[in-house]
Amino acid sequence: MKVAIVGMGYWGPNLLRNLVALVGPDSVVVVDNSLDRIAAVIPQYPAVGYCLSLDQALEDDEVGAVMVATPVSSHAGLVHQALDAGRHVLVEKPLAGSVDEALGLVACAEERGLVLMVGHTFLFSPRVERMTEYLHEGRLGTVQYATSSRLNLGLHQRDVGVIWDLAPHDFSILFHLLGEFPVSAKTSGRSVVRAGCLDVAFVNLSFASGIVASVDVSWLAPRKTRSTVLVGDRQMMVYDDLNNEEPVKIYDKGVVVPDPENFGEHQLTYRHGDVQAPYIAPREPLAQELTHFLACIDGTEICRSDGRFGLHVVEALEAAERSWHEGGRAVAVETAVPVAGEVGFTRSPLAS
Ligand SMILES: NC(=O)c1ccc[n+]([C@@H]2O[C@H](COP(=O)([O-])OP(=O)(O)OC[C@H]3O[C@@H](n4cnc5c(N)ncnc54)[C@H](O)[C@@H]3O)[C@@H](O)[C@H]2O)c1
């Protein structure tokens, strides 16, 4: 089977490098409607095929899967085209530019029995995998709240604001770690560089379990930040993706609440215990992601970031942006529920 990669801009060449390493150059076709972009990558991979449109690539019956790494506004059209032609799809985050588009794609893939995977790369990071293990082991106890920050100067996208560009990473990490999706989103932010397009946003998410999360994303920050913090009633965990020595740390810290009957006689005490930083062998998340995609096509693995997961991320993104448009009021995150016995969804707010 050959795999076509559509989009050879900033991110596509990373998919290309990893895919060639996995399946060999003869099984890869690159697609970009800019000849300059094709010309920029082909000299490095002379055995890779190339086309100027997805139409052309789909004419080749050997192409069994398509990866889409084009701007968000083009995802729905290209993914639909590939699914309608019976091809499995890995689409870069976010799945689509709206919930309606995302719902259509998930229904289309499920109807045809095709793999639809979303490139939520961090779910394939050994660091996030280690954090997931710790959470499943109950090391943190009950999670109380989380914060996540993704800040830097740029890169501004042409077709979407900072929420749709950066928050898919934080949302996917949090939803995966917490094992639940938010019930409401409340956002403040500013569009500074281009009118109507957010450069900085502060999103507050609430979950049915009572967990609250604050996600800060910005293209207008003096320093690069990539961090997620989870606070449990037993321990606390910090993930700093820029710290290659100790990216994940567990803090044995907390508050000891006295017996309520004796509350008047005791003061709260603060527990300051050890800090652990496990060794986590480095592995490129994108290589894991592509290996997983191929295994999902073979039917040997169950998709970790399938269309439904991607749809939940889009639901939260849309609610977060709507909240900003509506002056920062809390907006319920409506969720798609499969209609029993048929392919399709209805949408309703999650009970909080
Ligand atoms: N997973 C990650 O960590 C990560 C990182 C960066 C970007 N991304 C995602 O990757 C996607 C692409 O982002 P980018 O920054 O590389 O964009 P980009 O603008 O740099 O590149 C997009 C490329 O797609 C081509 N293109 C656009 N429409 C096309 C079409 N209809 N047919 C063929 N080619 C077409 C353009 O010519 C361009 O070369 C986005 O969805 C983005 O969110 C993911």
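I started at Tyr 251, whose bridge partner in β14 is Val 275. I'm working on a predicted model: local features need pLDDT of at least 70, side-chain atom pairs count only at pLDDT 80 or more, and totals for chains, interfaces and linings use all residues. Residues are numbered from 1 along each chain as its sequence is written.

**Strands.** I took helices (H or I, at least four residues) and strands (E, at least two) as DSSP runs, numbered from the N terminus. For pairing I went by DSSP finding at least two bridges between two strands. β13 (residues 248–256) runs antiparallel to β14 (residues 269–276), with 6 bridges. I also found β12 (residues 236–240) antiparallel to β13, joined by 4 bridges. There, Met 236 stands opposite Tyr 251.

**Helix α4.** Which residues of α4 are buried? I count a residue as buried if 20 or more other C-beta atoms, placed from the backbone, lie within 10 Å of its own. In α4 (residues 75–84) I got His 75, Ala 76, Val 79, Ala 82 and Leu 83. They fall within an arc of 135° seen down the axis, so they line one face of the helix; the arc is that of the directions from the helix axis to the C-beta atoms. Their cover includes α3, β4, β5, α5 and β6. Just after α4, I noted Gly 86 with a positive phi of about 80°.

**Whole chain.** I have 9 helices and 17 strands in the protein chain. Of its 352 residues, 42% count as buried. The C-alpha atoms fill a box of roughly 80 × 45 × 45 Å along the principal axes.

Definitions and conventions
A residue is buried if 20 or more other C-beta atoms lie within 10 Å of its own, exposed if 12 or fewer, and partly exposed in between; C-beta atoms are placed from the backbone. Two residues are in contact if their C-beta atoms, placed from the backbone, lie within 7 Å.
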